[in-house]
Amino acid sequence: MWSPEHEVFIAQIDAEHRDLFQIAEGLEQTMEAHAQPGEIQERLHALAAHLEDHFSHEEWLMQSVSYPSYGWHKQQHDTARRRLKLFAPLIEGGETEAADVFLEFLAGWLQDHTGVTDRMMAAFVRNYERAHATDALERWGAPSRSGGGVRARTAAAAAAEAGPFPKTMRFCKMCGDQTTHEIRASGLACVKCAERAVSAELDRD
Ligand SMILES: [Fe+2]
């Protein structure tokens with residue numbers, strides 16, 4: 001069961017975690033209700049797909065900020081991937097004991113992983129954003145020498161030179177919506193704009 005103690009304070013990652021807990025619970029309930037194999041298979045596939053999307057998203061996010069503990073974090077994702085690969089055929093074959101063992105593993109894994117590993121990643125991402133926002137602010141408001149003394153440039157002069165106020169670390173450059181992740185080479189983009197850009201690239205190919 002998802003609870004606020006699993007929160008990592010990056011909105012999109014938290015939403016994905018909530019979905020993950022919900023999908024895992026759905027699978028558990030389906031198994032307990034001795035549902036038809038087709039339904040169990042459907043829920044298992046949904047779990048596998050969500051897990052992979054979510055892991056890939058986190059791994060991309062970590063790479064985009066050069067997260068130093070990327071290898072350690074990815075190793076934990078890989079352990080969950082390997083477990084799922086091992087158990088999926090057994091669960092699909094209706095082996096309830098295998099489903100129990102896997103779901104118990106997943107519950108413990110999610111608890112530890114979201115509570116410690118993902119929180120560390122999220123703290124790093126937030127601090128990365130703050131550091132870069134500070135860099136941008138320094139560029140924007142750097143003092144200049146004028147009339148024999150150093151004084152801060154006027155806001156108008158600084159804005160004329162550096163462009164609009166640098167709030168890009170918190171707002172999508174493309175649609176302007178607030179976002180906390182998806183840092184692309186061109187700056188910060190929200191998930192929707194990043195996905196749109198990728199599919200536009202694929203369409204062109
Ligand atoms: Fe993770």
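## Ground rules

Residues are numbered from 1 along each chain as its sequence is written. Since the model is predicted, local features need pLDDT of at least 70 and side-chain atom pairs count only at pLDDT 80 or more, while totals for chains, interfaces and linings use all residues; side-chain values use heavy atoms, with hydrogens and water left out.

## The overall fold

Let's start with the big picture. The protein chain has 6 helices and 4 strands, and read along the sequence they follow the pattern α-α-α-α-β-β-α-β-β-α. Helices (H or I, at least four residues) and strands (E, at least two) are DSSP runs, numbered from the N terminus.

Of the 205 residues in the protein chain, 37% are buried. Buried here means under 20% relative accessible area, exposed means over 50%, and partly exposed is in between, using a 1.4 Å probe and protein chains only.

## How H2 and H3 pack

H2 spans residues 37–64 and H3 spans residues 70–92. The two pack at an angle of about 170°, with their axes 11 Å apart. Axes are lines fitted to C-alpha atoms, for helices over the stretch in contact, and the angles run from 0 to 180 degrees between N-to-C directions. That angle makes H2 roughly antiparallel to H3; the cut-offs are under 35 degrees for roughly parallel, over 145 for roughly antiparallel, 65 to 115 for roughly perpendicular, and oblique for the rest.

What sits in the contact of H2 with H3? Its residues divide into 11 nonpolar, 6 polar and 6 charged. Ala, Val, Leu, Ile, Met, Phe, Trp, Tyr, Cys and Pro count as nonpolar, Asp, Glu, Lys and Arg as charged, and the others, Gly among them, as polar.

## The iron site

Which residues hold the iron ion? It is coordinated by Glu58 (OE), His73 (NE2), His77 (NE2), His113 (NE2) and Asp118 (OD), at 1.9 to 2.3 Å. Donors are N, O and S atoms within 2.8 Å of the metal (3.2 Å for Na, K and Ca), and water is not among the atoms, so sites may look incomplete.

Along the sequence, the donor residues are spaced E-x14-H-x3-H-x35-H-x4-D. His73 in helix H3 and His113 in helix H4 link distant parts of the chain, being 40 residues apart. Both of these histidines, His73 and His113, are buried.

## Aromatic pairs and a charge over a ring

The structure holds 4 aromatic pairs. Rings of Phe, Tyr and Trp (its six-membered ring) pair if their centres lie within 6.5 Å; planes under 30 degrees apart count as stacked, over 60 as edge-to-face and the rest as tilted. Phe55 counts as buried because its relative accessibility is 1%, and Trp109 counts as buried at 10%.

Phe102 and Phe105 make another tilted pair, at 6.2 Å centre to centre and 35° between the planes. Both lie in helix H4, 3 residues apart, about one turn of the helix. Phe102 is buried at 1% relative accessibility, and Phe105 is buried too, at 17%. Together with Phe87, they form one aromatic cluster. Elsewhere, Arg18 lies over the face of Trp2, at 4.8 Å from the ring centre; a charge counts as over a ring if NZ of Lys or CZ of Arg is within 6 Å of the ring centre and within 35 degrees of the ring normal.

Most residues other than glycine have a negative phi. Phe9, although not a glycine, has a positive phi of about 70°, and Phe9 is in the segment before helix H1 (11–32). Ser66 also has a positive phi, near 50°. Ser66 lies in the loop between H2 and H3 and is exposed, with a relative accessible area of 58%.

Ala46 lies in helix H2 and is partly exposed at 37% relative accessibility. Trp60 is found in helix H2 and is partly exposed as well, at 31%. The C-alpha atoms of Trp60 and Tyr70, 10 residues apart along the chain, are separated by 9.9 Å.
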